[in-house]
Amino acid sequence: MSDVETFWAEFKKPIATADDYIASLRGRRMNVFFMGERVGEPVDNPVIRPSVNAMAETYRIASERPELATAHSDISDLKINRFLHVPASPADLVNKHEMQRELGRRTGTCFQRCVGMDAIGTCHSVTFDIDAKNGTDYHKRFLAFLKRAQAANVVIAGAMTDPKGDRSKAPHQQADLDLFLHVTRRDDKGIYVSGAKMHQTGAVNSHWLIFMPTMRLSAADKDWAVVGAVRVDAPGLTYIVGRQTNDTRIVDGGVMDAGNAQFAGQESLIVFENVFVPHQHVFMDGEWDFASSLVERFTTYHRSSYVCKTGLGDVLIGAAASAAEYNGVEAASHIKDKLVEMTHLNETIYSSCMAGAHQSKPVASGAYINDEMLSNVAKHNVTRFPFEIARLAQDLAGGLMVTMPSEKDLQNNEVGPLIRKFLQGRDGVDVTDRMRILRLIENMTIGRNAVGYLTESLHGAGSPQAQRIQIARGMKIEDKKARARKLAGVKPAQK
Ligand code: SF4
Ligand code: FE
């Protein structure tokens, strides 16, 4: 049996629960590094584990909120986890975004599974379009792969961002050709790819990776126009897990200082060294002229997926309100006004994401895709508003958030009672509750989960300028000018 067939055979019984999922990650032959050392079992690494827990919530929600987190798939004729579903109606995208907000609320972090979900929708339509033009059979291959993935209920990660080297040069012009993932060899069984993908969300916690090109390509970049699926433990793959602010607080003892000890996100640098991809899992090889529509469709899906941050916003607004309450100031009008402002910003993100889902349209394959303009506006809001929400949360928290003694000091017989005496707030509020809430705000605004709430909000699914370019392309400025001139009575220019 081939490596791939062995994999699917192991999943005769699909992953049903969060516990099944965690068990499925154990005992794999992955090449994972963190803090200069090879990680034997990522699931048991205390710094990596909170990211596994967050991904596991994508399974838990499917049983607790099936109306949001499951869907019927015409591909496998099964009820499946929504993270493996190709959106087939505006309602599918609306439910997807509600599910993402709810998962953001439950975890307060990045639950990592949306990149793969958005890669699935993208590959469904792009493989269809390539076949329609060239008579290839990529769509059939993709459907066969997805059908098995849906039946096994595995996690598929999406890998798009190449290192890119010298940004002024195309992939084939780079001094080191591996700076963009590319095909190094082809034989009668499949292809071999080398290169790397940066900032890869949840890859170590996944079962499969779908890799895709990161930008528009030209004919000279043919070998870089490649899409395929590989097992995450395929030979030739190395994962170097990213360092996050305060990530090792979790191993300092206690749980308070971590702020959110249970959940975190995860990004890694994935290196591909001549990784074999059998033909059945190759979904593009050389069709450079489809790279730009692939990237645009993926980013349209993924920019709206950033509705996840409104779930984190709910948590942060709740934490800020709690901090104010514990200080005895929640009735002050300026405090209420700041909470209103935070909510306004959060719901503005939500409204643009949801509008893009309601306005979604089908493409030739039948997959529905969010409205492109609204999706870019949504993500552009995400590059700004969480920073203002975070600023207001810190404003309400007060300076103690960053000057507070550690949990170990609180447990110390000599100074612990002093901390309890001087850090008390409103009567009847436990000092440790006050400290816990402040640590959560710290975690989300300058600590481990600020990685997801802030910097990822800025750069994930494309940095702000990428959205401005798309907004400029779609803003129909000539039409707007014509309407203004007509109302103002300006006569059309004589040709
Ligand atoms: Fe999903 Fe949000 Fe994480 Fe992206 S940042 S994978 S959209 S939770
Ligand atoms: Fe992301």
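I first looked up burial: of the 495 residues of the chain, 55% count as buried (buried means under 20% relative accessible area, exposed over 50%, partly exposed in between, with a 1.4 Å probe and protein chains only). I note that this is a predicted model, in which local features need pLDDT of at least 70 and side-chain atom pairs count only at pLDDT 80 or more, while totals for chains, interfaces and linings use all residues. Residues are numbered from 1 along each chain as its sequence is written, chains are lettered from A and ligands numbered from 1 in the order in which they are written, and side-chain values use heavy atoms, without hydrogens and water.

**Entry 1. Overall form**

I recorded 19 helices and 14 strands in the chain (DSSP runs numbered from the N terminus: helices are H or I with at least four residues, strands E with at least two). The radius of gyration is 24 Å, close to the 23 Å that the globule rule gives for 495 residues, so the chain is as compact as a globular protein of that length. For that value I used C-alpha atoms, and the rule is 2.2 Å times the number of residues to the power 0.38. Along the principal axes, the C-alpha atoms fill a box of roughly 75 × 75 × 50 Å.

I then turned to contacts (heavy atoms within 4.5 Å). Among those with a separation of 6 or more, 77% are accounted for by residues 24 or more positions apart.

The chain exposes about 21,100 Å², of which carbon and sulfur atoms supply 54%; the areas come from the Shrake-Rupley method with a 1.4 Å probe. I found the mean positions of the 60 positive and 58 negative charges to be 5 Å apart. Lys and Arg count as positive and Asp and Glu as negative, with His and the chain ends not counted; each charge is placed at NZ of Lys, CZ of Arg, CG of Asp or CD of Glu.

**Entry 2. The iron ion**

I asked which residues are the protein donors of the iron ion (ligand 2). They are Tyr-306 (OH) and Glu-456 (OE), lying 2.4 to 2.5 Å from the ion. Donors are N, O and S atoms within 2.8 Å of the metal (3.2 Å for Na, K and Ca); water is not among the atoms, so sites may look incomplete. The pair links distant parts of the chain, 150 residues apart: Tyr-306 is in the loop between α8 (291–305) and α9 (308–327), and Glu-456 is in helix α17 (residues 450–459). Tyr-306 counts as buried because its relative accessibility is 4%; Glu-456 counts as buried at 14%.

**Entry 3. Helix α17**

I listed the buried residues of α17: Ala-450, Gly-452, Tyr-453, Leu-454, Glu-456 and Ser-457. They pack against β7 (190–201), β11, α9, α11 (372–382), α12 (385–397) and α16 (431–445). Ala-461 follows α17 and has a positive phi, near 60°.

**Entry 4. Ile-335**

I located Ile-335 in helix α10 (residues 333–358), where it counts as buried at 6% relative accessibility. Leaving aside neighbours within four places in sequence, Ile-335 is in contact with Ala-324, Val-329, Glu-330 and Leu-396. Ile-335 and Asp-395 are 60 residues apart in sequence and 9.5 Å apart in space, C-alpha to C-alpha.

**Entry 5. Positive phi**

I checked Asn-274, a residue other than glycine with a positive phi near 45°. Asn-274 is found in strand β11 (residues 267–278) and is partly exposed, with a relative accessible area of 44%. Lys-476 also has a positive phi near 45°. I placed Lys-476 in the loop between α18 (464–474) and α19 (477–488); at 60% relative accessibility, Lys-476 counts as exposed.
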